[in-house]
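Thanks for making the time. Please have the structure open as we go.

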Amino acid sequence: MNLTPATKPTFYFIGVTTAQSSIMKLFPLWADYLGLDAEMKGIDIELNATPETYRQVVNFLKQDELSLGALVTTHKIDLYNAAKDLFDELDFYAETFGELSSISKRNGRLIGHAKDHISSGLTMQNFIEENYWRKRGGDVFVMGAGGSGIAITSNLVETINEVNRPSKVYVTDRGQERLDSMKSIIKKVAPDVDIEYKQVNDTLENDAILSKLKPYSLIINATGLGKDRPGSPLTNNATFPENSLIWELNYRGDLQFMYHAQSQQAERNLHVEDGWIYFLHGWTQVISEVFHIELTDEQFDAIDCISSEFNQQKTPSK
């Protein structure tokens with residue numbers, strides 16, 4: 001981890017393998033379109049890093065004048081827990097969900113936002129029809145109790161959606177502590193929803209839950225498997241429920257979960273969604289905070305178009 005003082009306005013990407021992300025090639029194109037005078041640098045932090053590591057990064061961003069802010073992936077919860085006291089302001093979702101995906105500055109103050117609730121909600125509007133749960137009556141299976149899993153689940157079950165909620169929600173994770181944390185958070189936004197939290201030790205346990213789901217369910221890989229680490233939360237023998245929505249939150253990596261779903265897509269009438277639109281919403285939400293701009297729908301569509309053209313010209317390292 002190299003934290004060198006910036007020599008020009010700099011926007012950071014805090015992750016695990018940032019050099020492999022398409023954003024390193026796409027951000028300069030977006031910045032040119034939006035008229036932003038800034039470069040991007042990655043800050044790689046190993047999984048389960050020490051609190052001191054996260055505090056070192058946040059202190060660097062806070063004190064370095066030309067470091068404008070950062071988007072945080074993978075480390076959103078750990079960074080919040082380790083360094084929340086270093087921020088001058090935290091938004092409602094950051095404090096409620098106990099995570100940070102956006103670090104920005106305003107009038108000399110360091111500000112933290114949790115943007116996943118907003119970006120996941122916008123993404124689901126793209127592939128889940130209006131009043132889907134009231135019409136279809138399916139379940140939701142979220143594999144992974146990290147920041148994205150919490151944000152997506154809260155979107156689906158919050159009180160405002162009381163007449164349009166899944167029949168039941170299942171959440172699994174390898175860590176009981178993460179499940180307990182998620183349970184306490186979700187109770188704040190929807191205390192009356194039927195959610196089953198289960199610690200799993202192997203993929204067969206996820207397969208067993210998958211086999212119980214109704215048709216027209218939503219199954220989500222929010223584990224990071226397939227991107228940060230190879231693999232899938234399901235075995236190759238798992239069968240998806242018919243007419244269901246399959247959401248792979250990753251957009252790069254070995255994507256075993258997504259390819260598994262695609263192999264059953266025609267036979268089971270599945271809609272398979274990758275993490276690309278989620279990726280775009282996540283980045284544009286943070287860019288808006290860091291550069292103090294409000295992106296229009298037209299600008300988002302233009303960024304999507306720029307990115308699609310780039311991907312057609314040269315297949316990036318996803």
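Start with Thr-10, which is found in strand 1, residues 10-15. On terms, helices (H or I, at least four residues) and strands (E, at least two) are DSSP runs, numbered from the N terminus. This is a predicted model, in which local features need pLDDT of at least 70, side-chain atom pairs count only at pLDDT 80 or more, and totals for chains, interfaces and linings use all residues. Residues are numbered from 1 along each chain as its sequence is written, and side-chain values use heavy atoms, with hydrogens and water left out.

Is Thr-10 buried or exposed? Thr-10 counts as buried, because its relative accessibility is 0%. Buried means under 20% relative accessible area, exposed over 50%, and partly exposed in between, with a 1.4 Å probe and protein chains only. Not counting residues up to four places away in sequence, Thr-10 touches Glu-39, Lys-41, Leu-66, Ser-67, Leu-68 and Gly-69. Contact here means heavy atoms within 4.5 Å.

One of those partners, Gly-69, lies in strand 3, residues 67-72. Gly-69 is buried too, with a relative accessible area of 2%. Leaving aside neighbours within four places in sequence, its contacts are Thr-10, Phe-11, Tyr-12, Ile-103, Ser-104 and Val-290. From Gly-69 to Tyr-93 there are 24 residues in sequence and 18 Å in space, C-alpha to C-alpha.

Now the sheet around these residues. Which order do the strands take? The order is 2-1-3-5-6-4, in an open sheet of 6 strands with mixed pairing. Two strands pair if DSSP finds at least two bridges between them. At the edges are strand 2 (39-44) and strand 4 (89-90), each pairing on one side only. Strand 5 (residues 102-106) and strand 6 (residues 109-113) run antiparallel and are joined by 5 bridges. Within that pair, Ile-103 stands opposite Gly-112 in strand 6.

Two helices lie across strands 1, 2, 3, 5 and 6 of this sheet. Helix 2 (residues 51-63) runs at about 170° to strand 1, and helix 12 runs at about 155° to strand 3. Axes are lines fitted to C-alpha atoms, for helices over the stretch in contact, and angles run from 0 to 180 degrees between N-to-C directions.

Helix 12 covers residues 276-290 and includes Thr-284. Thr-284 is buried, at a relative accessible area of 5%. Its side chain reaches two backbone oxygens: that of Leu-280 at 2.9 Å and that of His-281 at 3.3 Å. Beyond four places in sequence, Thr-284 is in contact with Leu-295, Phe-300 and Ile-303.

Strand 10 (residues 218-221) pairs with strand 11 (residues 245-248) over 4 bridges, and Leu-218 has Leu-245 as its bridge partner in strand 11.

How many residues of helix 7 are buried? The count is 11 of the 11, so helix 7 is largely enclosed by the rest of the structure.

Last, the cores. A nonpolar core is a set of buried Ala, Val, Leu, Ile, Met, Phe, Trp, Tyr and Cys residues joined through side-chain atoms within 4.5 Å. The largest has 31 residues, of which Val-140, Leu-156, Val-171, Leu-218, Ile-220 and Trp-247 touch the most other members. Helix 8 gives the largest share of this core, 5 residues. Apart from it lies another core, of 27 residues, including Phe-27, Ile-277, Leu-280 and Leu-295.

Note on methods: A polar contact is a pair of N or O atoms within 3.5 Å; within protein, one must be able to donate a hydrogen and the other to accept it, and residues adjacent in sequence count only if both atoms are side-chain atoms.
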